[in-house]
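Subject: Structure for your files

Dear colleague,

Here is the structure I said I would pass on.

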Amino acid sequence: ALINYVQALALNHEDDSAFVYLNTLIRNQHLVDVGSAMVGEWVLADEDFIHLFDDPRWTDIENTCIENLKKAGKHWNWKLAKRLWKLKAVDQACRSEIGRAEKQTGKKSPLVLSLWDLTEVLDWQHQHELDEIVAEQGWPGISEVGDEAAEGAFLIVQHCPSLETQKAYLPVLQKKCESGEAQCSDFALLYDRVQVKENKPQ
């Protein structure tokens with residue numbers, strides 16, 4: 001599939017080819033199935049493309065994706081969505097890298113333990129950024145930023161090292177879930193994580 005090919009090119013750091021096929025992908029999005037997400041938001045939140053974010057050509061990819069989403073009738077907070085897409089991509093890239101390292105060196109290897117230490121630092125940074133977003137404008141709902149960006153906000157809380165922070169966001173996420181502004185499965189996952197950390201039944 002084209003999606004898998006583009007991801008493989010990006011992961012192999014074949015940047016020129018990756019951008020060629022990324023452009024093909026986003027201009028022929030009717031041929032692509034990425035589940036419930038729209039192609040544009042999926043591309044901009046995908047961890048496999050993370051090292052392409054600093055390439056000047058990424059701006060054109062981002063702008064084209066957003067234009068496609070606008071043509072599809074999406075009227076999101078684009079500035080906020082872009083922040084959350086990037087946060088999600090970094091969050092997932094860290095965990096993908098740890099997964100690859102575990103397969104090669106074992107779960108308790110010095111490399112894997114170091115990657116977890118780095119990931120925890122990033123998790124704290126992401127949580128502080130999300131706290132700022134929520135303090136300024138409330139929890140980012142699906143109708144405001146789309147599915148992928150809203151999922152990014154959930155992942156930040158789900159991976160936050162602080163149990164107290166996760167407990168504080170539980171009722172916030174529950175309300176958003178009840179109003180259709182968050183996935184109820186996300187609330188259930190966060191609830192389960194809090195229960196496990198507190199040694200309570202799920």
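What follows is a summary of what was found, from the overall fold down to single residues.

Please keep in mind throughout that this is a predicted model.

Overall fold

The protein has 10 helices and zero strands. Its pattern along the sequence is accordingly α-α-α-α-α-α-α-α-α-α. The C-alpha trace spans about 50 × 45 × 25 Å along the principal axes. The radius of gyration is 18 Å, which agrees with the value near 17 Å that a compact globule of 202 residues would have. Of those 202 residues, 46% count as buried. As for contacts between residues at least 6 apart in sequence, 63% of them join residues at least 24 apart.

Helix α5 against helix α8

Helix α5 covers residues 78-105 and helix α8 covers residues 147-158; their axes come within 8 Å and cross at roughly 55 degrees.

Helix α4 against helix α5

Helix α5 also packs with helix α4, residues 57-71; the axes of α4 and α5 come within 13 Å and cross at roughly 125 degrees. That angle makes α4 oblique to α5. Here the crossing is right-handed.

From α4, the residues in this contact are Glu-62, Ile-66, Leu-69 and Lys-70, and they meet Trp-78, Lys-82 and Trp-85 in α5. The contact has four nonpolar and three charged residues, and no polar ones.

Glu-62 deserves a separate entry. This residue of helix α4 has a relative accessible area of 17%, so it counts as buried, the cut-off being under 20%. Leaving out residues up to four places away in sequence, Glu-62 touches Leu-44 and Lys-82. Its C-alpha atom is 13 Å from that of Met-38, which is 24 residues away along the chain.

Phe-19 lies in helix α2 and is buried, with a relative accessible area of 4%. Neighbours within four places in sequence aside, Phe-19 is in contact with Leu-52, Asp-55, Arg-57, Trp-58 and Ile-61. Between the C-alpha atoms of Phe-19 and Arg-57 the separation is 7.6 Å, although the two residues are 38 apart along the chain.

Asn-28 sits in the loop that runs between α2 (15-27) and α3 (39-45). With a relative accessible area of 28%, Asn-28 is partly exposed. The C-alpha atoms of Asn-28 and Val-39 are 9.6 Å apart, and 11 residues separate the pair along the chain.

Most residues other than glycine have a negative phi.

His-13, in the loop between α1 (2-11) and α2, has phi near 60 degrees, a positive value in a residue other than glycine. His-13 is exposed, with a relative accessible area of 54%.

Asn-199 has phi near 55 degrees, again positive in a residue other than glycine. Asn-199 belongs to the segment after α10 (184-197). At a relative accessible area of 73%, Asn-199 is exposed.

Regards

Key. Residues are numbered from 1 along each chain as its sequence is written. This is a predicted model: local features need pLDDT of at least 70, side-chain atom pairs count only at pLDDT 80 or more; totals for chains, interfaces and linings use all residues. Side-chain values use heavy atoms; hydrogens and water are left out. Axes are lines fitted to C-alpha atoms, for helices over the stretch in contact, and angles run from 0 to 180 degrees between N-to-C directions. Helices (H or I, at least four residues) and strands (E, at least two) are DSSP runs, numbered from the N terminus. The radius of gyration is taken over C-alpha atoms; the globule rule is 2.2 Å times the number of residues to the power 0.38. Buried means under 20% relative accessible area, exposed over 50%, partly exposed in between (1.4 Å probe, protein chains only). Contact means heavy atoms within 4.5 Å. Angles under 35 degrees count as roughly parallel, over 145 as roughly antiparallel, 65 to 115 as roughly perpendicular and the rest as oblique. A crossing is left-handed if the near helix is turned anticlockwise from the far one by less than a right angle, and right-handed if clockwise. Ala, Val, Leu, Ile, Met, Phe, Trp, Tyr, Cys and Pro count as nonpolar, Asp, Glu, Lys and Arg as charged, and the others, Gly among them, as polar.
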